Amino acid sequence: TMGILQLTHLHPPFNNVKARQAMFYLINNADYLNTIAADKKLQTLCFSFFGCGVEMETDAGSEIYKGPKDIKKAEALFKEAGYNGEPITILHATDHQYINPANLVMIQQLRKAGFLKLDVQAMDWGTVVSRRTKKEPPAQGGWNIFITGTSVLTSSSPITHTSVGMACDKAWFGWPCDAKFEELRKAWAFAPDIEARKKIAVELSKRAYDQVPYISFAQWRNPVAYRSDKISGVLSVPSVPPMWN
């Protein structure tokens, strides 16, 4: 599983790329991993938008994220983005296995920064799913941040990885918009072989870290248990264990 910290690109402060980039100086991957998947064997410290352990794995452009956390640098970038202490609305799903604890970690990391005013709204996941579709400003029922996740299987291809797409109104919730990134995605789809796709994936990663469609905050494995004395022939596949074969 890969964790996704989704920012809306439609409204301040995250409609300005400087504010989105500032988040890299505040978000610490390891904190999420130690909370969601405390067993170190299940954790992967990953800085690839396409997941780690897959053909398209690349952390190109991630230096800003992998580097030391810097509250003063983040504050300066938020100021460049025009942020003046307006409330940042967070949709906090409290009834989800990993989204709830991930939200708690994120809220703590952002509060530690001190200069951000957070409007944390607790709700069930079903309400988040409904609310995240709204494009109105936060004060009119919209939002600034919500947390979700996806599978590495889905994310391993720039085409099936919907969260990374930046097709404006046609993009996933958050509606990131960048024509250059979409051109690279199309080039990846029509590339003649794996090696050509790997080269394009590097450029996609650089552009994603520059434009920040969302922030990937963790990669971990979920353990699966079954009774070996009652069940046989279980298939080992990525992401979702099949209930048949």
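Helices here are DSSP runs of H or I with at least four residues, numbered from the N terminus. In this predicted model, helix α5 covers residues 99–113, and Pro101 is found in it. Pro101 has 17% relative accessibility, so it counts as buried, the cut-off being under 20%. Leaving aside neighbours within four places in sequence, Pro101 is in contact with Thr35 and His96. Phe115 is 14 residues away from Pro101 in sequence. In space, the two C-alpha atoms are 23 Å apart.

How enclosed is β6 by the rest of the structure? Largely, because 7 of its 7 residues are buried.

Elsewhere in the sheet, strand β3 (residues 87–93) and strand β5 (residues 145–150) run parallel. They are joined by 2 bridges. Leu91 has Phe146 in β5 as its bridge partner.

Gln43 counts as buried because its relative accessibility is 18%. Its side chain makes a polar contact with the side chain of Asn34, at 3.1 Å. The Gln43 side chain also reaches the backbone oxygen of Leu33, at 3.3 Å. Not counting residues up to four places away in sequence, Gln43 touches Leu33, Asn34, Ala37, Ala38 and Gln219.

Now the charged side chains. Side chains of opposite charge can pair when their charged atoms come close. The structure holds 10 salt bridges. One of them joins Asp169 and Lys135, at 3.7 Å from N to O. This pair links distant parts of the chain, 34 residues apart. Asp169 sits in the loop between α7 (152–155) and α8 (179–189). Lys135 sits in the loop between α6 (125–131) and β5. Asp169 is exposed, with a relative accessible area of 62%. Lys135, at 37% relative accessibility, is partly exposed.

Helix α8 supplies another pair. Arg185 forms a salt bridge with Glu182, and their closest N and O atoms are 3.3 Å apart. The two are 3 residues apart in the helix, so about one helical turn separates them. Arg185 is buried, with a relative accessible area of 12%. Glu182 is partly exposed at 21%.

Asp229 forms a salt bridge with Arg227. The closest N and O atoms of that pair are 3.1 Å apart. Asp229 is exposed, with a relative accessible area of 55%. A network of salt bridges links Asp178, Arg207 and Asp210.

Finally, the surface. Which residues form a nonpolar patch there? They are Val224, Tyr226, Ile231 and Val234, and together they have about 360 Å² of accessible area. Val224 lies in the segment after β6 (214–220). Val224 counts as exposed because its relative accessibility is 54%. In contrast, the residues of β6 are buried.

How values were computed: Residues numbered from 1 in each chain as written. Predicted model: local features only at pLDDT ≥ 70, side-chain atom pairs only at ≥ 80, totals over all residues. Heavy atoms only, no water. Patch = residues over 30% accessible without salt bridge, like charges linked within 9 Å, V, L, I, M, F, W, Y side chains within 5 Å. Areas by Shrake-Rupley, 256 points an atom, 1.4 Å probe, with all protein chains shown as cover. Salt bridge = Lys/Arg side-chain N within 4 Å of Asp/Glu carboxyl O. Buried < 20%, exposed > 50% of the residue type's maximum accessible area, 1.4 Å probe, protein only. Polar contact = N/O pair within 3.5 Å; in protein donor to acceptor, adjacent residues only side chain to side chain. Contact = heavy atoms within 4.5 Å. Pairing = 2+ DSSP bridges.
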